Amino acid sequence: MKILLFGGAGQLGFEIQKRAFDLDFEVVSPVLSEVDITNEHQVTFLSQKVRADLVINCAAYTAVDKAETDQEEAYKINRDGAAVVARAAREVGSRMIHISTDYVFDGTASAPISESHPTNPINVYGASKLAGEIEVQNVLGNRALVVRTSSLHGQRGENFVHTMVKLFTEREVVKVVNDQWMSATWAGWLAEAVLDLGRTDCHGLVHASCAGALTWYDFAAAILQQVQEKNEAARRCKLEPTTAQAFARPARRPQYSVFDCTRLTTLLGRKPISWQDGLRSHLREIGY
Ligand SMILES: NC(=O)c1ccc[n+]([C@@H]2O[C@H](COP(=O)([O-])OP(=O)(O)OC[C@H]3O[C@@H](n4cnc5c(N)ncnc54)[C@H](OP(=O)(O)O)[C@@H]3O)[C@@H](O)[C@H]2O)c1
């Protein structure tokens, strides 16, 4: 099966490329300097040349705080770019998997969130991603699958795990928010799930995260425990809980972002791995 992958140099795209060959996929993945998804000519030209069975769009504007003051660029990539990719896929008859986010929700839920839960983004990034989901589905109908995920961490790029590992070895005290719940998701696991979904003909929306609900403080504590086993400096570091209010950032974050992955489990015939197993795999890859 031939895949045209956008955003292949990013956190998730990198993991998809790492696994695709072993799972018998042929992947073509241009970097941003070769193909910008907001450039219809570039995207269409490549799509006509590759004529992929499946297009996967991991390309996105992901700077959540910056998006608050950079609204135009966020919408240009997350809404308009997604629509460009969808139109190019439609022209050659490809299916498309489009990656989206838990930030399409407002965080007021109190139980795991299923695909039918009403969307209501509370920041520009989330609103631009929701607009992208709608465009992709309008263009491709039942040839599109939108995979929403949450709190990604993986070997490539900046993410919470890498930030914590660095802070634990540099600081005596690290404070982390303990009143926002999420499902930390290892990009390596998600990459395999996305590739497996690519072999199905399912469409619509699917929620995909590692299993379990935790706060960012819980996640930091698990990272610290593992890092301390190997790193002397980290043994001196103390972790303290704080609140989202005390740790104010430009973009508001949902307070509760835990997914119900029942549909994913049915489609794949297996349950998501736990966030603890995902974290262990990631830390092992970076030497902890
Ligand atoms: N990270 C999270 O916690 C999280 C949570 C939920 C959902 N998601 C979603 O998951 C997907 C993957 O996220 P990620 O963490 O892998 O993101 P990422 O590491 O920021 O990667 C995004 C990729 O998109 C590329 N890109 C940006 N603008 C582009 C454009 N105009 N044309 C072509 N490529 C462009 C970037 O290129 P450069 O490398 O050259 O900049 C980068 O390779 C996104 O849809 C994101 O919204 C992420």
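## Basis of the values

Because the model is predicted, local features need pLDDT of at least 70 and side-chain atom pairs count only at pLDDT 80 or more, while totals for chains, interfaces and linings use all residues. Residues are numbered from 1 along each chain as its sequence is written, and side-chain values use heavy atoms, with hydrogens and water left out.

## Salt bridges

Side chains of opposite charge can pair when their charged atoms come close. With a salt bridge taken as a side-chain nitrogen of Lys or Arg within 4 Å of a carboxyl oxygen of Asp or Glu, a search of the whole structure gives 11 of them. One of these joins Lys18 to Glu285, with an N to O distance of 3.3 Å. Lys18 belongs to helix H1 (residues 11-20) and Glu285 to helix H10 (residues 275-285), so this pair ties together parts that are 267 residues apart in sequence; helices here are DSSP runs of H or I with at least four residues, strands are runs of E with at least two, and both are numbered from the N terminus. Relative accessibility is 34% for Lys18 and 30% for Glu285, and each counts as partly exposed, the class between buried (under 20% relative accessible area) and exposed (over 50%), computed with a 1.4 Å probe on protein chains only. Lys18 and Glu285 also belong to a network of salt bridges that includes Glu15 and Arg19.

A further salt bridge links Glu40 and Arg87, whose closest N and O atoms are 3.0 Å apart. Glu40 lies in helix H2 (residues 40-50) and Arg87 in helix H4 (residues 71-92), so the contact ties together parts that are 47 residues apart in sequence. Asp65 and Arg253 meet at 2.6 Å, N to O, and since Asp65 is in helix H3 (residues 64-67) while Arg253 is in the loop between strand S12 (238-242) and strand S13 (256-257), the pair ties together parts that are 188 residues apart in sequence. Asp65 is partly exposed, at 23%, whereas Arg253 is buried, at 16%.

## Nonpolar cores

In soluble globular proteins, nonpolar side chains tend to be buried together. A nonpolar core is here a set of buried Ala, Val, Leu, Ile, Met, Phe, Trp, Tyr and Cys residues joined through side-chain atoms within 4.5 Å. The largest such core has 61 residues, of which Ile56, Phe168, Phe219 and Ile223 touch the most other members. Helix H7 (residues 187-198) gives the most to this core, with eight residues. A second, separate core of 32 residues includes Ile37, Ala59, Ala89 and Ala131.

Ser209 sits in the loop between strand S10 (204-207) and strand S11 (214-215) and is buried, with a relative accessible area of 1%. Beyond its neighbours within four places in sequence, Ser209 contacts Ser150, Ser183, Thr185, Trp189, Phe259, Cys261 and Pro272.

In H10, the buried residues are Trp275, Gly278, Leu279, Ser281, His282 and Leu283. Their cover includes strand S6 (152-153), helix H6 (160-170), strand S9 (185-186), S11 and helix H8 (216-230). After H10 comes Gly287, with a positive phi near 90°.

Key: Contact means heavy atoms within 4.5 Å.
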